[in-house]
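Biologist: Please take me through this model, starting with a close look at one side chain and what surrounds it. Keep it plain, and give the cut-off for each term as it comes up.

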Amino acid sequence: MAIAKAERLMNLALCLLGARRPLSKRELRGSIEAYLEAGSDDSFNRMFERDKDDLRELGLVIETVENLEGEVGYLARRDSNRLPAITLDAEEAAALGLAAKVWQQARLAGAASGALQKLRAAGLPEDVDPYGSHGALEPRIPVHEAAFEPLMLACRDRRPVVFDYRKASAAHPETRHVEPWALECWRGHWYLAGFDRERGAERVFRLSRITGKVRARGTGFTAPVPDVVTVRETVRGWAGETADRSALIRLRAGAGYPLRARATKVREVGDGWDELEIPYGHGLDAWLVEFGPDVVVLEPAELRADVVDRLRAVAKG
């Protein structure tokens, strides 16, 4: 279905760009095979209006023109849809090269390399090597979760999704209906920020806890999408980076160095244990569970209870 729609959109764009005069709906329907196969005039009209809106959202400038007989026609002028020449200096090319290197371990590696090849064909200077500059830097963003690619496409296309999600405190996954906003990598893990339709509020999901396939469901969002800065702050906050209070934990000596790095106070208590005061925000319980028996939460009581609940869920499998 996705391939058929992409082909239909491409055919419509080519028709509008190649026409020397505005084309009516009737003429467009007779020129595009998918429109000829529409079961009725209403079905064709709905399909055409959706396709026209999709092309405009992708950036194609489509003009609506009415002739002397009152018939409406559509046209995409080449001069209105021509991009300016691409010019990059050495620093800009180096930045793009580093961005492409980031994705060499992901499914986007081919797309990143292809993009640089297109830039070279568009006039990137031959003496500029976007991969060679700053060769000592080897940035990597590991992407192991199968949910990454379908969610990335869903964020791009503003398409709601359905997936099964297992919370750290739950023994079994639950089905979630989400309007995806953005993906964010934080502390080596990927998170999805979006609007949870059942809960009627924004939520953040860790991709490694998504089980099974991500399925697309319909089109159109029911809730407004925040700007990028707001989404990233939401991801960091729900992942546990922001903190508004402190927690007191007991940590085994020689263990938990990431926790020690965040600690505001450290005190030896003997018997191979230290007491740490660390910032406490949303998601801290999930992080503490990762250290297993090397961590004991002393206070606050609600954090201790959350950690115990998560450990019991892990024990149940």
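Modeller: The backbone oxygen of Ala-255 lies 2.9 Å from a polar atom of the Arg-260 side chain. A polar contact here is a pair of N or O atoms within 3.5 Å; within protein, one must be able to donate a hydrogen and the other to accept it, and residues adjacent in sequence count only if both atoms are side-chain atoms. This is a predicted model, in which local features need pLDDT of at least 70 and side-chain atom pairs count only at pLDDT 80 or more, while totals for chains, interfaces and linings use all residues. Residues are numbered from 1 along each chain as its sequence is written, and side-chain values use heavy atoms, with hydrogens and water left out.

Arg-260 sits in helix H9 (residues 257–262). Helices (H or I, at least four residues) and strands (E, at least two) are DSSP runs, numbered from the N terminus. Setting aside neighbours within four places in sequence, Arg-260 is in contact (heavy atoms within 4.5 Å) with Leu-251, Arg-252, Ala-253, Gly-254, Ala-255, Val-266, Asp-274 and Leu-276.

Asp-271 belongs to the loop between strand E10 (265–270) and strand E11 (273–280). Asp-271 is not a glycine, yet its phi is positive, about 60°. Most residues other than glycine have a negative phi, and most peptide bonds are trans. With a relative accessible area of 78%, Asp-271 is exposed; buried means under 20% relative accessible area, exposed over 50%, and partly exposed in between (1.4 Å probe, protein chains only).

Pro-300 is placed in the loop between strand E12 (295–299) and helix H11 (301–316).

Two strands pair if DSSP finds at least two bridges between them. Strand E5 (residues 174–186) and strand E6 (residues 189–196) pair over eight bridges, and Glu-179 has Phe-195 in E6 as its bridge partner. E4 and E5 pair over five bridges, with Tyr-165 opposite Glu-174 in E5. E4 and E8 pair over four, and there Val-161 stands opposite Ala-216 in E8. E4 is mostly covered, with four of its five residues buried.

Phe-148, Leu-151, Ala-154 and Cys-155 are the buried residues of H7. Seen down the axis of H7, they fall within an arc of 130°, so they line one face of the helix; the arc is that of the directions from the helix axis to the C-beta atoms. E4, E5, E6 and E8 are among the elements that cover them.

In the loop between H7 and E4, Arg-158 has a positive phi near 55° and is not a glycine. Arg-158 counts as partly exposed, at 35% relative accessibility. Glu-145 is found in the loop between helix H6 (109–121) and H7. Beyond four places in sequence, Glu-145 touches Trp-190, Leu-207 and Ser-208. Glu-145 and Arg-206 are 61 residues apart in sequence and 10.0 Å apart in space, C-alpha to C-alpha.

Another open sheet has three strands in the order E1-E3-E2, with antiparallel pairing. Strand E1 (23–24) and strand E2 (63–66) stand at its edges with a single partner strand each, so one side of each has no neighbour in the sheet. E1 and strand E3 (residues 72–75) pair over two bridges, and Leu-23 has Tyr-74 in E3 as its bridge partner.

As for the protein overall, its secondary structure comes to eleven helices and twelve strands. Buried residues make up 35% of its 317 residues. Among contacts between residues at least 6 apart in sequence, 55% join residues at least 24 apart.
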